[in-house]
Amino acid sequence: MATQIEPATQTDEDAFRAEVQQFLADNFPAELKGQSNALAGVDGPTNETPAQTEWREAVGARGWGTPTWPKEYGGGGLTKAQAKIIDQEFAKAGAYNPIGGMGVMMFGPTLLEYGNEAQKKEHIPSICRGEIRWCQGYSEPNAGSDLANLQTFAEDKGDHYLVNGQKTWTSGGQWADKCFAIVRTDKSDKHKGISFMLIDMDTPGVEVRPITMISGTSPFCETFFTDVKVPKDNLVGEEGQGWTIGKRLLQHERANISGGGSLARLMGQSLGDIAKKYQSTGADGELADAVLRDKIADFEIRWNSFLLTARRAMEESKAAGGVSEISSVLKKLGTKLSQERSELLIEIRGLQGLGWEGDGFSDGELGAVRAWLFGKATTIYGGSTEIQNNIIAKRVLGMLDHQ
Amino acid sequence: MAVLNEEQEMLRDMAREWTVNESPVTEFRKVRASGEPEAFNRDAYATMAQMGWAGVIIPEEHGGSDFGFLSAGLVVEELGKTLTASPLVMNTVAASAIVLGGSDEQKARWLPRLASGEAIATLAVDEGPSHDPAKIETSVSDGKLSGTKAFVHEAHGADLFVVAAKDGLYLVEKGDGVALTTRKLTDQRSHADVTFDGAAAEKLANGGDSLLDDVLDRARVLTAAEMLGMAQQVFDDTLDYLKQRVQFNQVLASFQALQHRMADLFADLAQMRSAVEAGLQAVDAGFGVARAATIAKAEANRVMHTMANEGIQLHGGIGMTDEYDVGFYLKRARVLEQSFGSSSWLKDRFSKLSGY
């Protein structure tokens, strides 16, 4: 157990809450109320409006977008209780956290754990201020689920590495400033030959090509490295430690894909309520199509028990001071159920629920179609459902390696 | 597992220790072999009551501990793991009817006896083979209750019936005007059609219009808790078996086709536990009970159904034998699945509660 931090008194908390409220009153532009952080999503940035820039800079300067990160690197240096107060007050004011993206969700926590002092000083503050966008150089054409099969090679050239190879499914690669990548520094050992390094995307020899997805969007890229010089200072941890560091980062990624903090948003509108707008109803307002009604209830019950499971995992982790073993099922369950929900929405809306573009469809309808298509990726990326099943079977259930 | 307080942890540990040591499945086999229609061991039930388990939801002033439904669920879950045959669930549900709807006099007369195990009560609602509390013909005139209740759980051991009539719930003591017809079901437990022919009845006059629904929701969450224990046990037994059984010179646990099925069941079980615990907690909080209880029983039905089937299949041929326990869980599972709300009935109720 970690040393217990002196519990904050009620007065301290009230004072901090007042400070957050004052900060919001002074800094949060009213026109942004109800917006979400466009820069945090994988669909790519929209150009920031002056108000959005102002808000990002105000939160970044305080380190409140990364409230529990150490103050010396630009974080808020706050307790979990204080971070929760920020969450609550921002939500009350309709304010989003403008600091996000892969730097916050995955790379930052990993660098704080494995980076050296100079690396933390160089990279963490710009993440806390939301100035630098990071992308993930992991998957390759022949290294998907079998990630350790990666072939991108970093050759030791004395004071630098010379990197050659290809990464794929680089989320946001076309907009990123920097890339955290796992590359091969030793061809003789599958796992121990992997190193974790940081690559500037504007280094000569880095080329990015967006991939158009079935949803019509291009959130992922192919990234080519041709004789790319990477300074030795950009190696995180030791040479050969990349697989360990890389897997640690994936734990942060999984926690984010399965929902984590955004359960309320995930909950969404009741499918029954949506169905009543598209389908005929009987005398008591019940859906006339009894089969569809049953399907919706069946789904919503399982959706509820998933949300309850996510809540339970959080409560158990908090009480035990470690990760609950049921956390391992959240990614698998959450992604499958989200896909099911999208399919059910189409059944509810009929062809009106399959619009590609045009005035005959509402934004909500069109958005749902793209989300349905893009959602197929969620059971593939971040460790496919099959990989999650392997992890559960081996690590949680103690079943033997099948290989 | 929900985060428990100290009392709850002690209660659960005590229940776990007792069931494992004193009431393993071999005890259920003895009950079955005895052929007694009441189908439980009176001495074992007396011990359970002495440990305070019959009074977990009964107020302290009436001889209980008032620990609440989450606590009662912990005990019931452990009993479910070893298929311990007892009227504890039904007695708890019937007691809750008196707690919610009884007069001071009715509470004082019955609750201490139900808490101590001196008397046993059960609930009689349905009049056909499928749960349907909207279809009740039983009626009362001049304090005399008449009607027939179908498949009443633990009817043989009960001294007192909490009976649903058209206009509310009534207390009827076993005796004149009460006749039982044993209905042997696949789980080998106590079930009977109970005919009331002008039996003396006392109304549970408090508790308002929702009393029957409130009591049934308590039956749903406790039944779901029993199913949770059963599902957990089938999962654990199956996992153990897969780790031991060798075919093709490998333990079955090393086959990926089986690993992924176990991962699916593990995820199902996690959802079931979350739903059941949330249902029990909702009863204790007195908030959102109807919805939470519906979700709890619906998830218990869904997961227990699959778990029992997969348990048999993954055990292979020996899973089909009477010598192995897994078949007992399947047979009890289906009886509980059809009690207090089948899956289709629960989904209909969920839709209504959600306004569609």
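Domain bounds here come from an automatic or database domain assignment. On that basis, chain A of this predicted model holds domain 1 (10-100), domain 2 (134-243) and domain 3 (258-396). The centres of domain 1 and domain 2 of chain A, taken over C-alpha atoms, are separated by 32 Å. Chain B is likewise assigned domain 1 (6-116), domain 2 (121-203) and domain 3 (211-353). The model as a whole scores ipTM 0.94 and pTM 0.85. For chain B the mean pLDDT is 97, and 100% of the residues reach 70 or more.

Within chain B, 21 Å lie between the C-alpha centres of domain 1 and domain 3. Domain 1 of chain B puts 21 residues into the contact, and domain 3 of chain B puts in 25 residues. On the domain 1 side, two or more residues come from each of helix H2 (25-34), helix H4 (69-81) and helix H5 (88-101) of chain B. H4(B) supplies the largest share of that side, with 10 residues. By class, the domain 1 side that touches domain 3 of chain B has 12 nonpolar, six polar and three charged residues.

Two UniProt annotations bear on chain B. The record, an unreviewed entry, lists residues 5-118 of chain B as "domain: Acyl-CoA dehydrogenase/oxidase N-terminal". In the model, residues 5-118 of chain B are 67% helix and 0% strand. The C-alpha atoms at the ends of this stretch are 29 Å apart. Residues 213-344 of chain B carry the UniProt annotation "domain: Acyl-CoA dehydrogenase/oxidase C-terminal", again from an unreviewed entry. Here the chain is 79% helix and 3% strand, and 17 Å separate the end C-alpha atoms.

The loop between H4 and H5 of chain B holds Leu83(B). Phi of Leu83(B) is near 55°, a positive value in a residue other than glycine. Most residues other than glycine have a negative phi. Leu83(B) has 27 other C-beta atoms within 10 Å, and therefore counts as buried. The threshold for this class is 20 or more.

The largest nonpolar core comprises 149 residues. Val163(B) and Ala231(B) touch the most other members of this core. Helix H7 (residues 211-244) of chain B gives the most to the core, with 17 residues. Beyond four places in sequence, Ala231(B) is in contact with Leu269(B), Met272(B), Val303(B), Met304(B) and Met307(B). Another core, of 47 residues, lies apart from the largest one and includes Val163(A), Ala176(A), Ile194(A) and Phe196(A). In soluble globular proteins, nonpolar side chains tend to be buried together.

The two chains also touch each other. Chain B contributes 29 residues to the contact, and chain A contributes 38 residues. On the chain B side, the elements that give two or more residues are helix H8 (256-285), helix H9 (289-315) and helix H11 (343-353). H8(B) provides the largest share of this side, 12 residues. The chain B residues that touch chain A divide into 17 nonpolar, 10 polar and two charged.

In chain A, strand E3 (residues 160-171) contains Lys167(A). Lys167(A) counts as buried because 28 C-beta neighbours lie inside 10 Å. Leaving aside neighbours within four places in sequence, the contacts of Lys167(A) are Gly137(A), Ser139(A), Glu140(A), Thr152(A), Ala181(A) and Thr223(A). Phe361(A) stands 194 residues from Lys167(A) along the chain, and their C-alpha atoms are separated by 37 Å. Trp169(A) also lies in strand E3 of chain A. Phi of Trp169(A) is near 55°, positive in a residue other than glycine. Trp169(A) has 21 other C-beta atoms within 10 Å, so this residue is buried.

Notes
Residues are numbered from 1 along each chain as its sequence is written. Chains are lettered from A and ligands numbered from 1 in the order in which they are written. This is a predicted model: local features need pLDDT of at least 70, side-chain atom pairs count only at pLDDT 80 or more; totals for chains, interfaces and linings use all residues. Helices (H or I, at least four residues) and strands (E, at least two) are DSSP runs, numbered from the N terminus. A residue is buried if 20 or more other C-beta atoms lie within 10 Å of its own, exposed if 12 or fewer, and partly exposed in between; C-beta atoms are placed from the backbone. Two residues are in contact if their C-beta atoms, placed from the backbone, lie within 7 Å. A nonpolar core is a set of buried Ala, Val, Leu, Ile, Met, Phe, Trp, Tyr and Cys residues joined through C-beta atoms within 7 Å. Ala, Val, Leu, Ile, Met, Phe, Trp, Tyr, Cys and Pro count as nonpolar, Asp, Glu, Lys and Arg as charged, and the others, Gly among them, as polar. UniProt positions are given in the numbering used here, feature names are shortened, and annotations may be inferred rather than shown by experiment. pLDDT is the predictor's confidence in each residue, from 0 to 100.
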